[in-house]
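Okay, everyone, thanks for coming. Let me put the structure up, and then I'll talk through a helix pair and some charged side chains.

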Amino acid sequence: MKIESPISFNDFLKIAKSNKAVCFYLSTPKCNVCKVLKPKVIEIIETEFPEINFCYVDLNEAKEISGQLSIFSVPTILVYFETKETIRASRNVHLEELREQIERYYKLIF
(Lines give C-alpha, C1' and ligand atoms only; values in the text may rest on other atoms or scores of the structure.)
Protein backbone atom coordinates (compact mmCIF):
# COMPACT_ATOMS: atom_id res chain seq x y z
CA MET A 1 0.00 0.00 0.00
CA LYS A 2 1.37 3.38 -1.04
CA ILE A 3 0.78 5.92 1.70
CA GLU A 4 0.44 9.55 0.67
CA SER A 5 1.32 12.36 3.08
CA PRO A 6 -0.27 15.71 2.23
CA ILE A 7 1.41 18.77 3.70
CA SER A 8 -0.84 21.60 2.50
CA PHE A 9 -4.60 21.88 2.79
CA ASN A 10 -4.80 22.05 -1.03
CA ASP A 11 -2.99 18.69 -1.25
CA PHE A 12 -5.43 17.29 1.32
CA LEU A 13 -8.43 18.48 -0.71
CA LYS A 14 -6.97 17.09 -3.97
CA ILE A 15 -6.59 13.66 -2.39
CA ALA A 16 -10.09 13.77 -0.90
CA LYS A 17 -11.61 14.79 -4.25
CA SER A 18 -9.62 12.43 -6.49
CA ASN A 19 -10.47 9.24 -4.57
CA LYS A 20 -13.83 7.59 -3.98
CA ALA A 21 -12.81 6.78 -0.40
CA VAL A 22 -9.87 7.92 1.74
CA CYS A 23 -8.82 7.32 5.32
CA PHE A 24 -6.68 10.16 6.72
CA TYR A 25 -4.65 9.34 9.83
CA LEU A 26 -3.58 12.59 11.50
CA SER A 27 -0.96 12.51 14.24
CA THR A 28 2.45 13.66 15.37
CA PRO A 29 5.68 11.64 15.44
CA LYS A 30 6.00 11.94 19.24
CA CYS A 31 2.54 10.49 19.98
CA ASN A 32 3.11 6.98 21.38
CA VAL A 33 -0.56 5.99 21.13
CA CYS A 34 -0.47 7.01 17.47
CA LYS A 35 2.55 4.79 16.80
CA VAL A 36 0.73 1.75 18.19
CA LEU A 37 -2.64 2.49 16.57
CA LYS A 38 -1.47 3.40 13.06
CA PRO A 39 -0.38 -0.13 11.96
CA LYS A 40 -3.65 -1.57 13.26
CA VAL A 41 -5.70 0.94 11.28
CA ILE A 42 -3.60 0.26 8.16
CA GLU A 43 -4.16 -3.48 8.58
CA ILE A 44 -7.94 -3.02 8.85
CA ILE A 45 -8.01 -0.83 5.74
CA GLU A 46 -5.77 -3.17 3.72
CA THR A 47 -7.51 -6.41 4.62
CA GLU A 48 -11.17 -5.43 4.87
CA PHE A 49 -11.54 -2.27 2.79
CA PRO A 50 -9.08 -2.48 -0.12
CA GLU A 51 -10.84 0.26 -2.12
CA ILE A 52 -10.05 2.88 0.55
CA ASN A 53 -6.82 4.82 0.14
CA PHE A 54 -4.80 5.53 3.29
CA CYS A 55 -3.02 8.83 3.95
CA TYR A 56 -0.84 9.79 6.88
CA VAL A 57 -0.78 13.45 7.90
CA ASP A 58 2.05 14.61 10.17
CA LEU A 59 0.51 17.58 11.96
CA ASN A 60 3.92 19.02 12.81
CA GLU A 61 4.48 19.44 9.06
CA ALA A 62 0.88 20.24 8.12
CA LYS A 63 -0.29 22.87 10.59
CA GLU A 64 -2.61 24.40 7.98
CA ILE A 65 -4.53 21.11 7.73
CA SER A 66 -5.07 20.89 11.50
CA GLY A 67 -6.32 24.49 11.54
CA GLN A 68 -8.67 24.12 8.58
CA LEU A 69 -10.15 20.85 9.89
CA SER A 70 -10.29 21.83 13.58
CA ILE A 71 -8.06 18.98 14.75
CA PHE A 72 -7.38 19.46 18.46
CA SER A 73 -6.14 16.02 19.55
CA VAL A 74 -4.16 13.14 18.13
CA PRO A 75 -4.64 10.63 16.78
CA THR A 76 -7.54 11.75 14.65
CA ILE A 77 -8.92 9.52 11.92
CA LEU A 78 -11.01 11.05 9.16
CA VAL A 79 -12.72 8.87 6.59
CA TYR A 80 -14.01 10.52 3.43
CA PHE A 81 -16.50 8.86 1.11
CA GLU A 82 -17.21 10.60 -2.19
CA THR A 83 -15.41 13.80 -1.09
CA LYS A 84 -17.38 14.19 2.18
CA GLU A 85 -16.08 13.69 5.70
CA THR A 86 -18.18 10.78 6.89
CA ILE A 87 -16.35 9.47 9.95
CA ARG A 88 -14.27 11.32 12.54
CA ALA A 89 -12.63 9.53 15.47
CA SER A 90 -10.21 11.22 17.87
CA ARG A 91 -8.03 10.43 20.85
CA ASN A 92 -9.65 7.24 22.23
CA VAL A 93 -10.32 5.28 19.07
CA HIS A 94 -12.13 1.96 19.49
CA LEU A 95 -11.00 -0.14 16.52
CA GLU A 96 -14.05 -2.39 16.34
CA GLU A 97 -16.42 0.60 16.34
CA LEU A 98 -14.31 2.28 13.66
CA ARG A 99 -14.37 -0.90 11.55
CA GLU A 100 -18.17 -1.15 11.86
CA GLN A 101 -18.66 2.51 10.91
CA ILE A 102 -16.42 2.16 7.86
CA GLU A 103 -18.12 -1.08 6.84
CA ARG A 104 -21.57 0.54 6.93
CA TYR A 105 -20.59 3.21 4.37
CA TYR A 106 -18.22 0.95 2.41
CA LYS A 107 -21.05 -1.49 1.61
CA LEU A 108 -23.16 1.38 0.26
CA ILE A 109 -20.44 2.78 -1.98
CA PHE A 110 -18.62 -0.33 -3.26
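Quick housekeeping before I go on. This is a predicted model, so local features need pLDDT of at least 70 and side-chain atom pairs count only at pLDDT 80 or more, while totals for chains, interfaces and linings use all residues. Residues are numbered from 1 along each chain as its sequence is written, and side-chain values use heavy atoms, with hydrogens and water left out.

Back to the helices. Helices here are DSSP runs of H or I, at least four residues, numbered from the N terminus. Helix α2 covers residues 32-48, and α4 covers residues 95-109. Their axes sit 11 Å apart, at an angle of about 30 degrees. The axes are lines fitted to C-alpha atoms over the stretch in contact, and angles run from 0 to 180 degrees between N-to-C directions. That makes the pair roughly parallel, a label for angles under 35 degrees.

Who touches whom? From α2 we have Leu37, Lys40, Val41, Ile44, Ile45 and Glu48, and they meet Leu95, Leu98, Arg99, Ile102 and Tyr106 of α4. Contact means heavy atoms within 4.5 Å. Eight of the residues in this contact are nonpolar, three are charged and none is polar. For the bookkeeping, Ala, Val, Leu, Ile, Met, Phe, Trp, Tyr, Cys and Pro are nonpolar, Asp, Glu, Lys and Arg are charged, and the others, Gly among them, are polar.

Now keep an eye on Arg99. It's buried, at 16% relative accessible area; buried is under 20%, exposed is over 50%, and partly exposed is in between, with a 1.4 Å probe and protein chains only. Arg99 makes a salt bridge with Glu96 at 2.7 Å, N to O, the term being a side-chain nitrogen of Lys or Arg within 4 Å of a carboxyl oxygen of Asp or Glu. Those two are three residues apart in α4, about one helical turn. Arg99 also bridges to Glu103, at 3.3 Å, and Glu103 is partly exposed at 26%. Shared partners join Glu48, Glu96, Arg99, Glu103 and Lys107 into one network.

The whole structure has five salt bridges. Another one pairs Arg88 with Glu85, at 2.8 Å between the closest N and O atoms. Arg88 is partly exposed at 36%, and Glu85 is partly exposed at 35%.

Technical notes:
Parallel < 35°, antiparallel > 145°, perpendicular 65-115°, else oblique.
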